[in-house]
Amino acid sequence: MLVLANFLEAIAVVLDYALSIYMWIIVAGAVLSWVSPDPYNPIVRFINTATEPVFYQIRKRLPVSFGGLDISPIIVILAIIFLQTFVVNSLRGLARSIV
């Protein structure tokens, strides 16, 4: 049972780090939307490739543009915070209850 508890704890830690890194990528994408960066820059292309599919899904389902202000990054960040709070903490609690 100790192995299963350690496995669940490891999944929780990796998921927490992955969500944190993606949140910073979302922040970078929001900042890049305020300026006009070089679209051929590999970093800009990576950030756009990583964020635009998620932003598109939110924009398609919700009217998230108010007077030219796009709030889809805020919705994604709130969803990431929810996942970190609910899923990661649930995995950690499950790992502690197994031991």
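These notebook entries record what I looked up in the structure.

**Entry 1. Basis**

I worked from a predicted model, in which local features need pLDDT of at least 70 and side-chain atom pairs count only at pLDDT 80 or more, while totals for chains, interfaces and linings use all residues. Residues are numbered from 1 along each chain as its sequence is written, and side-chain values use heavy atoms, with hydrogens and water left out.

**Entry 2. Elements and overall form**

I looked up the elements and found 3 helices and 2 strands in the chain. Helices (H or I, at least four residues) and strands (E, at least two) are DSSP runs, numbered from the N terminus. Their order from the N terminus is α-α-β-β-α.

I then turned to the dimensions. The radius of gyration of the chain is 17 Å, whereas a compact globule of 99 residues would have one near 13 Å. That radius is taken over C-alpha atoms, and the globule rule is 2.2 Å times the number of residues to the power 0.38. Along the principal axes, the C-alpha atoms fill a box of roughly 50 × 30 × 15 Å.

**Entry 3. Burial, contacts and surface**

I noted that 26% of the 99 residues count as buried. Buried means under 20% relative accessible area, exposed over 50%, and partly exposed in between (1.4 Å probe, protein chains only).

Of the contacts with a separation of 6 or more, 65% come from residues 24 or more positions apart; a contact means heavy atoms within 4.5 Å. The accessible surface comes to about 6900 Å², and 73% of this belongs to carbon and sulfur atoms. Such areas come from the Shrake-Rupley method with a 1.4 Å probe; for residues, only the protein chains shown count as cover.

**Entry 4. Salt bridges**

I found 4 salt bridges in the structure, each defined as a side-chain nitrogen of Lys or Arg within 4 Å of a carboxyl oxygen of Asp or Glu. One of them joins R92 and E9, at 3.5 Å from N to O. R92 lies in helix 3 (residues 72–98) and E9 in helix 1 (residues 2–34), so this pair ties together parts that are 83 residues apart in sequence.

R92 also meets D16, at 3.8 Å from N to O. E9 is partly exposed at 26% relative accessible area, and D16 is partly exposed at 21%.

I looked up R59 and E52 as well: their closest N and O atoms are 3.1 Å apart in a salt bridge. R59 counts as partly exposed at 34% relative accessibility, and E52 counts as partly exposed at 33%.
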